[in-house]
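Here is a friendly note for anyone opening this structure for the first time. Please keep the view beside you as you read through the points.

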Amino acid sequence: MSKLVISLFGHIQIDVDGHPVELKARKALALLGWLVVNQYAHNRERLSAMFWPEVDAIRARANLRRALWLMNQSSVGRWIDATPETVAFVREYVQVDVLNFEKLTAM
């Protein structure tokens with residue numbers, strides 16, 4: 001399996017097997033960061049309302065679908081577990097600077 005490295009401190013950087021991954025949509029990057037740091041499955045309606053509060057619920061859900069589609073078009077999509085009701089991030093073979101920092105400061 002490929003290895004995903006995500007740096008959330010400073011400018012967000014994503015690498016899969018040493019190759020940079022570029023997500024052009026800011027909200028898709030923000031959504032990815034949220035999913036990475038918050039490890040449980042998230043309700044789609046809650047995510048769409050949280051990330052797109054400025055639009056109605058139908059448009060917000062469409063925006064969430066588009067952000068997930070963008071992630072799936074990149075190599076990051078392998079780590080996204082999306083069902084019709086929820087979205088989660090699979091943490092296998094993943095290195096995240098924020099999570100490493102949390103482990104070190106918890107000691």
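**A first walk through the model**

1. Helix 1 and helix 2 make a right-handed crossing (right-handed if the near helix is turned clockwise from the far one by less than a right angle, left-handed if anticlockwise). Helices here are DSSP runs of H or I with at least four residues, strands are runs of E with at least two, and both are numbered from the N terminus. The axes of helix 1 and helix 2 (residues 44-51) come within 11 Å and cross at roughly 130 degrees. That angle makes helix 1 oblique to helix 2; under 35 degrees would count as roughly parallel, over 145 as roughly antiparallel, 65 to 115 as roughly perpendicular, and the rest is oblique. The axes are lines fitted to C-alpha atoms, for helices over the stretch in contact, with angles from 0 to 180 degrees between N-to-C directions.

2. A word on the source: this is a predicted model, in which local features need pLDDT of at least 70 and side-chain atom pairs count only at pLDDT 80 or more, while totals for chains, interfaces and linings use all residues. Residues are numbered from 1 along each chain as its sequence is written, and side-chain values use heavy atoms, leaving out hydrogens and water.

3. Buried residues of helix 1 include Leu29, Leu32 and Val36; buried means under 20% relative accessible area, exposed over 50%, and partly exposed in between, with a 1.4 Å probe and protein chains only.

4. Next, look at the open sheet of four strands, which has the order 3-2-1-7 and mixed pairing. Strand 3 and strand 7 are its edge strands, each pairing on one side only. Two strands pair if DSSP finds at least two bridges between them. Strands of a sheet pair through backbone hydrogen bonds, parallel or antiparallel.

5. Four bridges pair strand 1 with strand 2 in the antiparallel sense; Leu4 stands opposite Val16, and Ser7 has Gln13 as its bridge partner. With strand 7 (residues 94-96), strand 1 runs parallel and is joined by three bridges, where Val5 partners Gln95.

6. Strand 2 also has two faces: Ile14 and Val16 are on the covered one, Gln13 and Asp15 on the uncovered one. Five residues separate strand 1 from strand 2 in their hairpin, and Gly10 in the turn has a positive phi of about 75 degrees. Strand 2 and strand 3 (residues 19-20) run antiparallel, joined by two bridges, and Val16 is partnered with His19. Their hairpin has two residues between the strands, with Asp17 taking a positive phi near 50 degrees.

7. Another open sheet has three strands in the order 4-6-5, with antiparallel pairing. Strand 4 (42-43) and strand 5 (80-82) stand at its edges with a single partner strand each, so one side of each is left without a neighbour in the sheet. Strand 4 and strand 6 (residues 86-89) pair over two bridges, and Asn43 has Thr86 as its bridge partner.

8. Finally, how many aromatic pairs are there? The structure holds two, where rings of Phe, Tyr and Trp (its six-membered ring) pair if their centres lie within 6.5 Å; planes under 30 degrees apart count as stacked, over 60 as edge-to-face and the rest as tilted. Phe9 and Phe101 are edge-to-face, at 5.6 Å centre to centre and 85 degrees between the planes. Phe9 lies in the loop between strand 1 (4-7) and strand 2 (13-16) and Phe101 in helix 4 (residues 97-106), so this pair ties together parts 92 residues apart in sequence. Phe9 is partly exposed at 46% relative accessibility, and Phe101 is partly exposed at 47%. Phe51 and Trp52 form a tilted pair, 6.0 Å centre to centre with 50 degrees between the planes. Phe51 is buried at 10% relative accessibility, and Trp52 is buried at 7%.
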